[in-house]
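Biologist: I'd like to learn how to read a model like this one. Could you walk me through it, starting from the inside?

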Amino acid sequence: MSRITLEKVCKSFGAYGVLHDIDLDIEDGEFVVFVGPSGCGKSTLLRQIAGLDRPTSGDIRIDGKLVNSVPAADRGLAMVFQSYALYPHMSVRQNLAFGLENARMPRAEIDKRIAEAARMLEIGDYLGRRPGQLSGGQRQRVAIGRAIVRNPTAFLLDEPLSNLDAELRISMRAELSALHDRLKTTMIYVTHDQIEAMTLASRIVVLRKGRVEQVGTPLDLYNRPANRFVAGFIGAPSMNFVKGTVVEVGEVAASVSLMGTTVALPRPAAGAVAGQAVSIGLRPQHISLAGDSEAGVPVEVALVEALGSETVIHSRTATGERLQAVLAGQHALRTGESVRLSFAPDDLHLFDEAGLRLA
Amino acid sequence: MSNRHQGKDALPAGWLGGLMMVPVKAAMQVIDMPLRAWQRLTGLTGMASFFLLPNMAVFGIFVLVPFVINFVYSMTGGSEIFLDQRFYVGAAQYRDLLDCRSYVDPSTCVEDGFWIATRNTALFVVVQVALMILTALITALVLNREIAGRSFWRAVFFFPVLLSPVVVGLIWRWILQRQGLLNLVLYDLFGFEPYSWLTDRNAAFVAAVGVTIWARVGFFALILLAGLQAIPKDLYEAAEMDGTRRTRVFFRITLPLLMPNLIVVLVLGLIRSVQVFDEAYVLTGGGPGTSTMYLTQYIYEKGFASDLRDPGLAAAASILMGAVLVVLTLAQMAASRRKEKQGER
């Protein structure tokens with residue numbers, strides 16, 4: 001059982017603030033992913049939880065117990081490092097046993113745990129090898145195995161897949177997910193890859209410049225991003241943003257003008273006022289080619305990326321806005337061709353000038 | 001076509017560049033044809049040998065030829081310097097050097113000075129190398145920590161390495177001699193009577209060991225410091241997460257990962273220690289008596305300085321000492337290779 005709570009956690013290096021007032025409640029058994037661009041403070045936040053760094057202010061609690069001054073080893077957590085951090089001069093078996101020997105665990109128990117982890121991660125065949133003789137994927141498994149044998153209350157994983165090639169990353173991602181399902185232990189995972197975050201997390205914490213931008217389930221973040229940053233960060237390709245104006249705000253509906261057309265929204269757009277300038281977000285996956293009888297936004301195709309299962313087009317509207325669309329299937333479109341694109345009004349996301357979502 | 005050809009051969013921009021290229025081009029034209037002919041004749045390997053030639057020539061003239069001459073000297077007798085005035089004695093010099101009833105008792109040896117120097121050198125090497133590695137390791141560990149003024153301290157520890165060994169010897173003689181700085185300070189602070197640090201057998205030995213460590217430790221600490229900095233910080237953090245005690249971190253992580261650097265330090269330290277001369281000679285002159293006379297000093301005095309000069313004996317002694325150094329170097333290479341193989345395994 002491990003519930004991890006962060007209250008107003010701040011971290012500064014000299015005058016430079018890296019984390020600002022982080023409040024977070026991680027439930028037992030959750031798979032929480034910290035995601036954000038490079039330098040947003042996600043690894044720093046993980047290190048505060050691990051005990052490898054002390055927060056400048058604020059409290060970190062594990063199962064209600066304040067652990068700010070508890071050494072890393074006594075927090076009951078295990079960490080998997082980006083570089084794996086395997087001891088290069090020790091065999092895989094010695095790497096797995098090292099932490100357990102520190103705790104003066106009986107040899108029989110150590111052997112039992114190693115055997116169990118080796119079976120679970122399928123690393124039994126190379127327990128006698130050194131890390132330098134293993135592939136990246138095998139090293140990754142050993143690093144996870146070293147965490148597993150400690151039987152921790154929570155796993156902390158700092159970009160564990162970033163050194164693997166794309167194919168291996170996908171398979172390891174699935175294995176990690178399966179491992180979490182099997183162990184049901186709290187996992188906190190740091191990544192800058194939003195696809196990794198979306199596929200693994202039960203909840204995602206989006207960070208930017210040391211602040212939490214939004215916390216929610218992957219679909220929450222995808223469907224109702226709290227601000228422009230989250231909207232742009234979650235989802236690939238990124239959400240399109242075009243300038244627009246609120247035309248009318250009613251109790252059950254509203255309308256906005258964008259790209260030279262006025263669109264009626266089937267929702268009230270609470271917080272908006274008529275005439276207000278807004279930024280309107282539209283996911284590329286929510287755009288399609290307009291049918292002959294459909295109204296649509298005329299665009300000129302600037303680039304076509306035929307990916308087989310889908311076709312990505314980069315286009316420019318008559319008002320000069322750039323629109324990226326992901327069209328299902330294959331389309332014989334050419335650069336310079338004029339087409340009309342359509343979208344459902346319900347898929348539009350409205351953000352005010354500060355970038356905050358307008359319901 | 002002709003324009004393109006002109007462009008290819010055009011001189012670098014600027015008259016100075018053009019001027020500089022003239023002799024280069026002239027030289028190239030002169031050597032181009034013979035070089036090509038040589039390459040056709042010998043292939044690429046032959047060309048490599050050709051370019052190695054200047055270095056091999058320098059090595060040959062200043063190392064190989066003197067070595068051979070030295071070996072020839074070791075087979076001759078007499079006190080004359082010029083080879084044509086000396087007479088062939090075969091292996092007699094080696095026989096004299098190695099002729100002992102008991103090797104642990106120099107007084108039973110024909111050439112007792114050689115064995116006294118050998119015994120002194122052996123003791124010096126064992127004590128000095130052990131203490132120096134320990135000091136260098138401690139220094140490197142301290143300098144690797146985030147202490148205040150770390151760069152300053154690193155410079156301070158490295159500074160003596162830049163000094164000439166003779167200067168090192170002189171500085172410490174001024175400090176340690178009877179009327180030296182140390183006695184002055186001890187008298188002023190504690191009222192201690194002046195002590196003859198350099199004329200007491202044990203104190204002179206300790207001084208020779210201490211001064212050579214002081215002079216060289218910065219160099220060896222630097223090698224170890226580089227090794228320490230090459231150990232990824234992640235490993236220490238992983239050890240911290242594993243709840244590893246500091247002593248265990250040192251013996252199970254730092255020391256094994258520092259081993260390649262330690263082997264280098266050990267062998268370089270051994271070689272330099274066997275060759276000890278300048279600092280010790282200036283500091284103690286080999287005394288009191290022969291208590292700090294080391295092999296190099298013996299060879300120097302036999303070959304050049306003593307009244308009973310015997311260049312042949314000195315040459316033979318230097319060949320024997322060279323053999324010891326070759327063994328040490330081979331041991332180092334074997335140890336490094338074994339370590340590399342272990343790393344691969």
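**Reading the core**

Modeller: Happy to. In the largest nonpolar core, which has 95 residues, those that touch the most other members are V33(A), F34(A), A50(A), M79(A), L156(A) and I188(A). A nonpolar core is a set of buried Ala, Val, Leu, Ile, Met, Phe, Trp, Tyr and Cys residues joined through C-beta atoms within 7 Å. A residue is buried if 20 or more other C-beta atoms lie within 10 Å of its own, exposed if 12 or fewer, and partly exposed in between, with C-beta atoms placed from the backbone. Helix α4 (residues 136–149) of chain A gives this core its largest share, six residues.

Apart from it lies another core of 53 residues, including W115(B) and F220(B).

Before we go on, this is a predicted model: local features need pLDDT of at least 70, side-chain atom pairs count only at pLDDT 80 or more, and totals for chains, interfaces and linings use all residues. Residues are numbered from 1 along each chain as its sequence is written, while chains are lettered from A and ligands numbered from 1 in the order in which they are written.

Biologist: Which residues does V33(A) touch, not counting residues up to four places away in sequence?

Modeller: Two residues are in contact if their C-beta atoms, placed from the backbone, lie within 7 Å. By that rule V33(A) touches Y189(A), T191(A), A197(A), L200(A), A201(A), I204(A) and V205(A).

Biologist: How many helices and strands does chain A have?

Modeller: Helices (H or I, at least four residues) and strands (E, at least two) are DSSP runs, numbered from the N terminus. Chain A has eight helices and 20 strands.

Biologist: What is the strand order in the open sheet of four strands?

Modeller: Two strands pair if DSSP finds at least two bridges between them. Here the order is β2-β1-β4-β5 in chain A, with antiparallel pairing. β2 (16–26) and β5 (65–66) of chain A are at the edges with a single partner strand each, so one side of each has no neighbour in the sheet. Strand β4 (residues 57–62) of chain A is joined to β5(A) by two bridges, and I62(A) stands opposite K65(A) in β5(A).

Biologist: Which domains does the assignment give for chain A?

Modeller: Domain bounds come from an automatic or database domain assignment. For chain A they are domain 1 (4–225) and domain 2 (240–351), and their centres, taken over C-alpha atoms, are separated by 40 Å.

Biologist: How many residues does each chain bring to the contact?

Modeller: Chain A brings 17 residues and chain B brings 17 residues. On the chain A side, α2(A) gives the largest share, three residues.
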